[in-house]
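Have a look at the structure first, then read on.

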Amino acid sequence: MRSSSQALSFLVPLLLVGLVVTGGIALYRIRAFSLPISTVTATATIILPVITGVTLRGAQRLRIRENGSNARAKMSFSWPALIVLVLLIIYETVIATLALTHVAPPSELICGLERQWGALFSSKNADAIRRIQEQFQCCGFRNVQDRAWPFPDRSHTARACVEAFGRGSSCLGGWRQMEQVTGGLILLVAVVAFLLKLLMLVLYRTQSPFLSSAWTARSSLTDAEGEDNGRSSGNGDGDNIRGRIVDAYHDEPPPEIEGQAASSQPEERGTSASDRRGLLVQPSGIQNEENEWREG
């Protein structure tokens with residue numbers, strides 16, 4: 001169980017870091033290949049795992065009331081915590097919805113891609129179109145002569161790209177696929193962040209040891225050490241008293257033994273005074289159950 005808790009405490013931060021990296025890859029693709037996806041959406045995707053991590057870390061401050069000696073606990077949610085939770089769910093829902101618009105259906109993506117390519121061509125953004133064509137080894141948008149780079153001018157025809165690089169395919173298919181993959185990465189970050197938050201809330205509700213190890217191990221350990229120190233300091237007087245009682249037991253015979261010695265004196269009237277003086281009582285150690293008699 002402890003090894004599983006340690007694994008979870010290692011995997012959760014690693015997963016959050018992986019989500020941040022995934023959002024960064026999506027943002028890089030949008031900027032590098034001029035995908036018709038908002039950079040604001042990609043930036044919000046990068047921020048989402050960070051907010052999720054801060055929220056999960058701060059969730060340990062939710063007050064948990066234990067029912068006496070029962071191991072089960074009840075979680076009391078405050079209104080600010082509920083408001084933050086609802087806002088995060090809305091945040092994740094918006095990102096996931098925007099990502100879905102760039103994943104499916106594929107036929108609906110063509111309009112956005114064509115508008116983006118048209119804007120690049122109108123602004124004579126040769127670097128952006130050349131980067132797309134080099135990435136997918138293609139020419140033009142719908143066909144090899146459709147607004148391809150090099151741009152048609154007095155020294156270049158519409159087939160300049162095919163003649164210069166020998167490419168025979170358009171860029172629509174590969175560019176659309178990249179948009180779908182990038183939108184899928186954004187959607188993946190939003191879904192995983194939501195599921196991770198939901199999992200942690202369920203673990204908090206059930207007071208699972210995995211959650212204690214993953215997020216509250218340090219605080220729990222500190223509290224436990226404080227309680228142990230308090231109990232040990234509170235029991236110090238009792239230990240001293242027990243020590244004095246044990247010492248007293250060794251110094252003087254207990255009353256029961258004296259009574260037994262006194263009751264045995266009438267039976268020894270026939271013995272001499274020297275014999276009675278030589279008869280001593282030796283109390284045994286605490287670990288023995290019977291007293292030992294020896295003749296001094």
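## Aromatic contacts at a glance

Trp175 is buried, with a relative accessible area of 0%. Keep in mind that this is a predicted model.

**Phe121 and Phe151**
- The ring centres of Phe121 and Phe151 are 5.4 Å apart with the planes at 90°, so this pair counts as edge-to-face.
- Phe121 belongs to helix H4 (residues 106-122), while Phe151 is in the loop between helix H5 (126-136) and helix H6 (160-165).
- That puts the two partners 30 residues apart, so the pair links distant parts of the chain.
- Both Phe121 and Phe151 are buried.

- Phe141 sits in the loop between H5 and H6, and Trp175 in helix H7 (residues 172-206), so their pairing ties together parts 34 residues apart in sequence.
- Phe141 is buried, with a relative accessible area of 0%.
- Trp117 joins in too: ring pairs link Trp117, Phe141 and Trp175 into a cluster.

**Charges over rings**
- Lys124 lies over the face of Phe121, 4.6 Å from the ring centre.
- Arg130 has its charged end over the ring of Trp149, at 5.4 Å from the centre of that ring.

Technical notes
Residues numbered from 1 in each chain as written. Predicted model: local features only at pLDDT ≥ 70, side-chain atom pairs only at ≥ 80, totals over all residues. Heavy atoms only, no water. Phe/Tyr/Trp six-rings, centres within 6.5 Å; stacked < 30°, edge-to-face > 60°. Helix = DSSP H or I, 4+ residues; strand = E, 2+ residues; numbered from the N terminus. Buried < 20%, exposed > 50% of the residue type's maximum accessible area, 1.4 Å probe, protein only. Lys NZ or Arg CZ within 6 Å of the ring centre and 35° of its normal.
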